[in-house]
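Please look through the sequence and the structure before reading on.

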Amino acid sequence: MTTFTGGHRPPTAFRAWGKLHRSGADIDSIHPLCDHMIDVAACLDAIARCSAMRQALDTAASRPLTNVDLARLSVLAFLHDIGKANAGFQGRYWLASDPRSRHWPHACGHGTEGWLLFSDSGVIPNAANILRDMPLDALASWGNDVVLALLRASISHHGRPVDESRHGGIQVWQPVLDPVSGRYDPAQTVSEMARCVISLYPLAFTDGHPELPDRPALVHLFGGLVQLADWLGSDTRPAFFPYTEPGEDRATTAAGRARHAVKMLGLDADHWRASVVRCPPPFSKVFQVEQPRPMQIASAADGLGPVVILEAETGSGKTEAALWRFLHLFQQGRVDSLYFALPTRVAASQLYERVRDFVARVWPEDAPVVVRALPGYEAADGEQKIGLPDYKVLWPDQPDDNRAAQRWAAESPKRFLAATVAVGTVDQALLGVLQVRHAHLRQALLTRSLLVVDEVHASDVYMTVLMERLLQAHVACGGQALLLSATLGAAARTRYLNVGHASRRLPVVPLQEAMTQPYPALGTRTSPHAIRLDAVTGNPRHKRLCWQTIDAIEDTERIARLAIDAAARGARVLVVRNTVPSATATLRAVEVLCAAQGGDWLFKVNGASTLHHSRFSRQDRPQLDLAVQVQLGKHRADRSGRIVIGTQTLEQSLDIDADLLITDLCPMDVLLQRLGRLHRHERPSPQHPDDHRPAGFESPTAWVLTPAGHDLAPLLKRARHGLGPMRTGAGLDGVYVDLRILEATRRLIDAQPTRLIPQDNRMLVEQATHLEALTAIEHELGADWQRFGQELDGSLSAKSSLGRLHALPYDQPYDDRLIFPDSEQKIATRLGAADRLVVIDPPQTGPFRQPVRQLTLRHHQMPAGLPPDALPTAITSLADHAGFEFTLGDSRYRYDRFGLERLKTSTA
């Protein structure tokens, strides 16, 4: 390494640099360009030899890759930074303020500039001279078309496919004569690269071997792996890839560094696999139960297809089934990692601790790090990261311990999927199938995982299209997926199980047949001709549910009265509203009536009456979750009634055992999820024989709130309480848009006052979601409903088309047609990826007496045109430490016991 400090001049022969470290105007050190390219090629080779990744490459290639193939891929990975040889990039050595910079071309990038050397665009007329020593004939003999595609993917390693219209110009490839630094000729640097790579990978240039497989899935996967290799090869920590030391021959040290880095980060999982193969842990030890349920055993059976769907009621043990399947596949070497995807941050935070317990029991010593993959709420084994300048991260414990490197995956959302075990939201996986920066990296990392998606349903067609595309890309690379649902309709189940069988897509079964299919069930497709749906036994307990509709969705005072009357009789009441404003209004009404009656049945956290939804801080959410489970959970310290009010966050992950559910009308599959919060545990039980349900609530009871007169027709024109369509430029939007499903759900409730759960689940979901049932409702209710059906079909078709337009075409060639749109921020917004993490500095006391340091603003809560670096101002505390207010952009916000609210008044 040549080191420059202070005002020292560079050598007269300017050597191309790949990385440099600058302190102010001075350069402390450089890393030679060829040495960095050697590092990245070595990382690609080490990553490709990891167990599950090698299987992914073989599957994507449709044949086992040979050592010659891997050497050739390493050569192409080496060339990822060929564009850095251009004089415009090398001129960045000088600051713009330095007079020596005037001898160099205008500073430019190196992606498109590198690709233009190989493209047939003719933009660089002297490209042949620049590439004169590059073994182009040998590269072409590997398969000219696929080599060009792989080169394009490699050179696109900064996260977006190169765009030939964006480059630094012809002059950046011309020689530079600088009287200070000497002559620099890009062609000489490229010649040095050629000599280096031929020497480094002689196996790649041997004759008599088949061409590289020309498969789009392989090229896309390779592109993501080069992004990972470049990221890893740029890690300058001492144990990884610090700048080349004087006298070091990087060609001899890089391979060992790469193998060490891959193992330290957890990408190579063989040592963890060896321990569980040598001593397989029994189910009873892993989950601390006497024995597994049949459903959990079946989920880990051999012979299942790459996409498996497990349908079982809430509380039946689907999470344990998923973790047991992961361990089974991991032992067999079919996966190297797990990504558990939840629909919400709250659900992911809850499951994170359960997965940590699972990992600790499977690996009592030297366990893989478990990452909480939530942007802004990242954690690794319970430790919170501390952000530093220049995108660096500090962990609270010892930074040089053996586990520190494994936390690399938690340091950036783009790395989350590199974790051996991670729990996060589904959008982190779906970002791997959208045309947004580093999508290929995410998808490549995911191929090594069992992807578990919890609470899969088909209410959002845009998300459904993306999920289908994600599964297609995952399966094309040999990935494994497990989808969990309380009950999935036949249409959605068929769609997902058709993944991987594009040439033989099976139709949706008729309604009558769909209603008779088994439940609980394990669905898979191991044959081109049929979907296999096996009956499995989950929770042996069946519940006789008592339910009815009450036309009081607009009447918060009546809702409050119903809840208080039940709580006064000792019932634990769960109130689930479809929107935060409805939940807030309900709590206010309950508080007024409680005060009038002198009762205290309110849900409280640290003495503050509150509710449960997603608009609370990271610091307050654990308190809310814990309080819900203490006051409405399995163990009851007292027999007094209680009322917990919230939104969809109460549907999943929390161990809630309510006596009475009061809920807004919602689609039947969602309603069944909410009903799973009723009578979750046996009372009385052998352990607690005196713990009885309150009189009148011996059976699980649900009251479903509907509009006045149970009439949903007015909602055709105007959405209310999350029901019905909001008409926007993007079509029909809303919480629960399809009024046909809502009408079918209402009718099923009114048709019979009791149902046996889960025995009736399949019939209920199919009669409320199957196209035949919805079409029948349209025809019965007349022209307005038929027009709505047509309008909805048009909106769904448009959103489906939008999903396909935004999705990355992993089954199409990686060529000049693959250009990411400039509107990728809008694309990410649809997944909530554009949410803003607001840092409160200094921290303020929140409504539950905890310091609040961060708040998440949903994209729809943010002011228009808010600058990326905008910070909160005018932070003021509320009276009695009840929370605080702040200004962001031109909007004022309040954070108190009701959560985060954007105030109607503006400070502008």
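## Terms and model

A residue counts as buried under 20% relative accessible area and as exposed over 50%, and it is called partly exposed in between. The structure discussed here is a predicted model.

Across the whole structure, a search finds 16 aromatic pairs. One of them joins Trp 104 and Tyr 184, whose ring centres are 5.8 Å apart and whose planes stand at 35 degrees, so the pair is tilted. Because Trp 104 belongs to the loop between helix H4 (87–90) and helix H5 (111–115), while Tyr 184 belongs to strand E4 (residues 182–184), the pair ties together parts of the chain that are 80 residues apart in sequence.

Trp 104 has a relative accessible area of 7% and is therefore buried, and Tyr 184, at 2% relative accessibility, counts as buried as well.

## An edge-to-face pair

Trp 231 and Trp 408 also form an aromatic pair, here an edge-to-face one, with 6.5 Å from centre to centre and 75 degrees between the planes. This pair links distant parts of the chain, since Trp 231 is in helix H10 (residues 216–233) and Trp 408 is in the loop between strand E11 (393–394) and strand E12 (421–425), 177 residues apart.

Trp 231 has a relative accessible area of 23%, so this residue is partly exposed, whereas Trp 408, with a relative accessible area of 3%, is buried.

Elsewhere, Phe 616, Phe 848, Phe 884, Phe 886, Tyr 893 and Tyr 895 form one aromatic cluster.

Rings also have charged residues placed over them: Arg 237 lies over the face of Phe 240, at 4.7 Å from the ring centre, and Arg 588 lies over the face of Phe 898, at 4.0 Å from the ring centre.

Strand E18 (residues 572–576) is mostly covered, with five of its five residues buried. Both of its faces are covered, for Arg 572, Leu 574 and Val 576 are buried on one side, and Val 573 and Val 575 are buried on the other.

Which strands are joined to E18 by bridges? Strand E21 (residues 642–646) runs parallel to E18 and is joined to it by five bridges, with Arg 642 in E21 as the bridge partner of Arg 572. Strand E22 (residues 660–664) also runs parallel to E18, to which four bridges join it, and Ile 662 in E22 is the bridge partner of Val 575.

Key:
Residues numbered from 1 in each chain as written. Predicted model: local features only at pLDDT ≥ 70, side-chain atom pairs only at ≥ 80, totals over all residues. Heavy atoms only, no water. Phe/Tyr/Trp six-rings, centres within 6.5 Å; stacked < 30°, edge-to-face > 60°. Helix = DSSP H or I, 4+ residues; strand = E, 2+ residues; numbered from the N terminus. Buried < 20%, exposed > 50% of the residue type's maximum accessible area, 1.4 Å probe, protein only. Lys NZ or Arg CZ within 6 Å of the ring centre and 35° of its normal. Pairing = 2+ DSSP bridges.
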